[in-house]
Amino acid sequence: MNDIDAWVWWLVGAAALGIPLVVTAMPEFGMLAVGAVAAAIGAGLGLGVVAQVLLFVVVSVALIAVVRPIAARHSAQRPQLATGVDALKGKQAVVLERVDGSENGRIKLAGEIWSARALDTSRSYEAGEEVDVVEIEGATAIVI
């Protein structure tokens, strides 16, 4: 064991931290692995054991403190591409049969015929009018 330099041990540690990163997809292990690589570089430059450990801790903690909040913010954002019924919200449709507060009306939305009702129950839309879809409830489009 004495024949192997400290920087090699740090690289072995970095590789060992890379395994749970791949298996668990926890980015914290990757940040610790980068800290181990930084300690390996410090060992290669001749730093003492205490300095290597401090370098590992400082780099790892700094990465976790900076990168984790950024990653959490990005994962909390909604996807930019709406799919399914979410993609239909905000689209225009053409009234085929009178639409009012009841669910008896029909519209043509994205090439398909949908049942529809007006958001404002006191309002009605006649055949041929264009309406905007504000919500989809089941198989019924809510329009204004």
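Buried here means under 20% relative accessible area, exposed means over 50%, and partly exposed lies in between, with a 1.4 Å probe and protein chains only.

A word on the model. It is predicted, so local features need pLDDT of at least 70 and side-chain atom pairs count only at pLDDT 80 or more, while totals for chains, interfaces and linings use all residues. Residues are numbered from 1 along each chain as its sequence is written, and side-chain values use heavy atoms, with hydrogens and water left out.

Back to Ala118. It sits in strand E3. Strands are DSSP runs of E, at least two residues, numbered from the N terminus. What does Ala118 contact, leaving aside neighbours within four places in sequence? The list is Val99, Asp100, Gly101, Arg123, Tyr125, Ile142 and Val143. Contact means heavy atoms within 4.5 Å. Now take Ala25. It is 93 residues from Ala118 in sequence, and 46 Å away in space, C-alpha to C-alpha.

Two strands pair if DSSP finds at least two bridges between them. In general, strands of a sheet pair through backbone hydrogen bonds, either parallel or antiparallel.

Look at E4, residues 130–137. It runs antiparallel to E1, residues 92–97, and three bridges join the two. Val94 stands opposite Glu130 there. E4 also runs antiparallel to E5, residues 140–143, with four bridges. Ile136 has Ala141 of E5 as its bridge partner. E4 and E5 make a hairpin with two residues between them. In that turn, Gly138 has a positive phi of about 65°.

Now the inside. A nonpolar core is a set of buried Ala, Val, Leu, Ile, Met, Phe, Trp, Tyr and Cys residues, joined through side-chain atoms within 4.5 Å. How many residues has the largest one? It has 15, and Val99, Ile107, Leu109, Val133 and Val143 have the most contacts inside it. E1, E2, E3, E4 and E5 each give two or more residues to this core. Apart from it lies another core, of nine residues, including Ala14 and Phe56.

Last, the record. UniProt, in an unreviewed entry, places "domain: NfeD-like C-terminal" at residues 85–143. UniProt annotations may be inferred rather than shown by experiment. That span is 0% helix and 51% strand.
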